[in-house]
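Please keep the sequence and the 3D view open while reading.

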Amino acid sequence: MIHRSIQSLAALAVAATFAGPLFAQDSKVADELAKYREALADGNPADLLEVKGESLWSEKRGPKKATLEQCDLGLGPGKLDGAYAQLPKYFKDTNKVMDVESRLVHCMVTLQGFTQAEVTRQWYSKPGKESDIEALVTFVGAKSNGKPINVPATHPAEAKMAKMGEYIFYRRSGPQDFSCAICHGQEGKRIRLQDLGNLTTKDGAGTAMKTWPSYRVSQGAVWTMQRRLIDCMRQARWPEPEYLADSVIALETYLQKTATGTVMETPGIKR
Amino acid sequence: MKLKIALFSVLTATLSFAAQAEAPGGKFAGEAEQMFRSSFKAENPKYWMKRLDQDETMKTCGIYRDNPPRKIGEKLEKQNAATIRYPVDGKLIGDWKEGEKLAAVGTGGHIGFIQPDPAGRVRGGNCYACHQLAKKELAYGTIGPSLQQFGKVRGSSEEIIKYTYDKIYNSNAFTACTNMPRFGLHSWLTPEQITHIVAFLIDPESPVNKD
């Protein structure tokens, strides 16, 4: 896997070609991006992070010198296969609907003895500063690869969270009058050359959700779903929500519910 | 007979209500609003948080998933039309070259702690994000209609110029809950900047109409 990742770093040099202005015909650009994705399919830079996540999972860390191997992500302690695809879900022990990130943080606090502030300080990577949470999410996400997303939101707390996510999806505000639905509520639209998924349909939400976490070429980093949604709010010119905020988890629940049935292909590669 | 008519109208009212999709969030909408507002960082400056306030148009559009019933839409359109302000000199058509720049700029106004725009970052209309305009620019979006040859097709009568200015200033004066931002209402663009974009769309020398 490490060898594959080194190959992928070489492929990244190729990627830089696509970072420049796009003057070509739309179809040509789409073709080139598809070719590029194919070139990286054998060595997604996210693989490196997946390896790091795996070692973080089984390493004894924190004041309690414990591993995360007893962490329950919804399928029972330490059961990871398909766990990501079934999140967010309701957890009895916290009496909350949690996504993969809030649950991992919960495990780091309860099992390893870290404080929440300690583990969330570096929730996203910066150049030269990697994020443990991103690595763990990439590792856990990959364990759902090939599994269908399954968030039927049948528990009343989950059903409520999905409805609240729907409310936020259509809620307009800010100096551009944006809501999520403005860009993601119709079929076959695009911003500049970027295709926009219709997140109100299973296909659209599925295409969007199945590849997270994803390596973002333009950012040179893996982004989690929390990071993606928090950045959407930035694009809408809204202020920044708190990491692990309920409204972000509500949006995730709404989107995962809509995407239910779509097979996971993660970690993905995006522009 | 009268009773029958009354019953009938009650029945149709119920049916048309049922046919309409439930407002987003359903019975949890109020709670969802509170949750949303309380999701933002406590250290966010107050003036940032103002951006989450909703006027009646935003609220109503959300409830109807941007498809309000005609009567309600007309009311919103009237309210929005009343907000339109004009440059002091009354000239509604400016410099198309300035407008061309404003149409391309997609930066400005991003706030937050992670990736904010630096102070004084140029702010544009970002028209190409959603519209096709000059033929040479291929990186255009399709959320809005193509505006290629806008002036060539519509001419440059005073009526068209005013319509174009008004539409950019407050798009909801014409179509309630349209996807298009209300650039003038939110002071995103100044009245003068709007006149430049009007020129970019209408001036016969502009690449929108030349190519």
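## Cavities, pocket and salt bridges

The second largest cavity is lined by A:Arg227, A:Ile230, A:Asp231, A:Met233, A:Arg234, A:Trp238, A:Pro239, A:Glu240, B:Ile111, B:Ile114 and B:Gln115. This is a predicted model: local features need pLDDT of at least 70, side-chain atom pairs count only at pLDDT 80 or more, and totals for chains, interfaces and linings use all residues. Residues are numbered from 1 along each chain as its sequence is written, chains are lettered from A and ligands numbered from 1 in the order in which they are written, and side-chain values use heavy atoms, with hydrogens and water left out.

A cavity is a set of points on a 1 Å grid over the protein atoms alone where a 1.4 Å probe fits but cannot get out; a pocket is an open set with protein on both sides within 12 Å along at least five of seven lines; lining residues have an atom within 4 Å of a point. Grid points are joined across faces, edges and corners, and a volume is the space filled by probe spheres set on the points.

The whole structure holds two cavities of 30 Å³ or more. The largest cavity is lined by residues including A:Tyr84, A:Leu87, A:Met209 and A:Gln256. Helix H4 (100–110) and helix H11 (246–259) of chain A each give at least two residues to that lining. Helices (H or I, at least four residues) and strands (E, at least two) are DSSP runs, numbered from the N terminus.

The second largest pocket has 23 lining residues; A:Ser125, A:Gln219, A:Gly220, A:Ala221 and A:Val222 are the closest to its centre. Helix H1 (2–19), helix H3 (46–58) and strand E6 (221–223) of chain A each supply at least two lining residues.

In the table, Ala, Val, Leu, Ile, Met, Phe, Trp, Tyr, Cys and Pro count as nonpolar, Asp, Glu, Lys and Arg as charged, and the others, Gly among them, as polar.

| Space | Volume | Lining by class |
|---|---|---|
| Second largest pocket | about 490 Å³ | 13 nonpolar, five polar, five charged residues |
| Largest cavity | about 100 Å³ | six nonpolar, one polar, three charged residues |
| Second largest cavity | about 50 Å³ | six nonpolar, one polar, four charged residues |

A:Lys52 and A:Glu130 pair at 3.1 Å, N to O. A:Lys52 sits in helix H3 of chain A, and A:Glu130 in the loop between helix H5 (116–120) and helix H6 (132–142), 78 residues apart. A:Lys52, A:Arg61, A:Glu130 and A:Asp132 are linked in a network of salt bridges.

B:Arg182 and B:Asp55 have their closest N and O atoms 3.0 Å apart. Both residues lie in loops of chain B, so the pair ties together parts 127 residues apart in sequence. B:Arg182 is buried at 1%, while B:Asp55 is partly exposed at 29%. Buried means under 20% relative accessible area, exposed over 50%, partly exposed in between (1.4 Å probe, protein chains only).

Now the interface. 59 residues of chain B contact 50 residues of chain A, contact meaning heavy atoms within 4.5 Å. The two chains bury about 4800 Å², 53% of it on carbon and sulfur atoms; buried area is the accessible area (1.4 Å probe) lost on being put together, summed over both parts. Eight salt bridges run between chain B and chain A. One of the salt bridges joins A:Lys163 and B:Glu22 at 2.9 Å.

Key:
A salt bridge is a side-chain nitrogen of Lys or Arg within 4 Å of a carboxyl oxygen of Asp or Glu.
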